[in-house]
Amino acid sequence: MIYFKYVRMVIKSFMQYRASFWLTMIGQFFVSFFAFLGIYLMFARFDNIAGWSFGEVALCFGVVQTAFAVTECFARGFDIFRDFIKQGTFDRIMLRPRSTILQVLGSNFELSRIGRLAQSFVTLGLAASWMDADWNAMKAVTLIFMIVSGVFIFTGIFILGATVCFFTVEGLEFINIFTDGGREIASYPLTIYAKWIMRFFTFIIPFGCFNYLPLMYLTGRAEGRELLYMLTPLAGILFIAPCLGVWRLGVRRYLSTGN
């Protein structure tokens, strides 16, 4: 598949500067680690946050960080899409007989984010052992489902941010509210925030559908609606559909850079 050929080429380019790659990856590990350390220190002072224990918040944090790290690894092309517009690179992309989505996806891989991904897996493993939960196969599948859903949501937001460049040339900083800012908000159960924030990040940007609602099922708070809460990550996966629709609208409106 052509996508994996893109991956191999990028890996070869990274390996030309191995010391830089490994140092960056280690740095990414500790960036995520210190974010988790902040949560640990907070719980060293408080026993719980709005009824959520340290293990439960750690699991929520791990899911979000894992999903975001995977997205940064493999959807980074959309995050730097403004350069494609300014340099005329997208003109060449449109001339090729391949999907524009596939080509932008394959244009850049931030493999140094594997360090952040490794830290997230460590957090997930520890959180699962710290939680007072009766783990079984269905809960393990739900946990994987949550991460996959999160990847689709963050990828969709990256695509929306890239689409803005068709109309503004420069990417707009407000998109970071939903990428970096959304990652920080979703790292905690949404019930700790005001109700309007919880509703916005459940029904508009469906972060709650991949972390908070299925977390209710994992922690035994579903109250007889286990199947419904277990399937809510589907809404996160479906979020990619309107994002792709907006992307196609942007491609149709694109008039070239003229160079």
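Colleague: Is Ser 120 buried or exposed?

Modeller: Ser 120 is buried, with a relative accessible area of 1%. Buried means under 20% relative accessible area, exposed over 50%, and partly exposed in between, with a 1.4 Å probe and protein chains only. Keep in mind that this is a predicted model: local features need pLDDT of at least 70, side-chain atom pairs count only at pLDDT 80 or more, and totals for chains, interfaces and linings use all residues. Residues are numbered from 1 along each chain as its sequence is written, and side-chain values use heavy atoms, with hydrogens and water left out.

Colleague: Where does Ser 120 lie, and which residues is Ser 120 in contact with?

Modeller: Ser 120 lies in helix H8, residues 114-130. Helices (H or I, at least four residues) and strands (E, at least two) are DSSP runs, numbered from the N terminus. Leaving aside neighbours within four places in sequence, Ser 120 is in contact with Ser 32, Gly 62, Gln 65 and Thr 66; contact means heavy atoms within 4.5 Å.

Colleague: What about H3, how many of its residues are buried?

Modeller: 19 of the 21 residues of H3 are buried, so H3 is largely enclosed by the rest of the structure. Its end C-alpha atoms are 30 Å apart, which agrees with the 30 Å that 21 residues should span at 1.5 Å a residue. That expected span is 1.5 Å times one less than the number of residues.

Colleague: Pockets next. What volume does the second largest pocket have?

Modeller: About 170 Å³. On a 1 Å grid over the protein atoms alone, a pocket is an open set of points with protein on both sides within 12 Å along at least five of seven lines, and lining residues have an atom within 4 Å of a point. The volume is the space filled by probe spheres set on the points.

Colleague: Which residues lie nearest its centre?

Modeller: Phe 74, Ala 75, Leu 105, Val 151 and Thr 155, out of 10 lining residues. H3 and helix H9 (137-168) each supply at least two residues of that lining.

Colleague: Is Thr 155 buried or exposed?

Modeller: Thr 155 is buried, with a relative accessible area of 13%, and lies in helix H9. Leaving aside neighbours within four places in sequence, Thr 155 is in contact with Thr 71, Ala 75 and Ile 240.

Colleague: Last one: where is Pro 242?

Modeller: Pro 242 is in helix H16, residues 240-253, and is partly exposed at 47% relative accessible area.

Note on methods
On a 1 Å grid over the protein atoms alone, a cavity is a set of points where a 1.4 Å probe fits but cannot get out, and a pocket is an open set with protein on both sides within 12 Å along at least five of seven lines; lining residues have an atom within 4 Å of a point.
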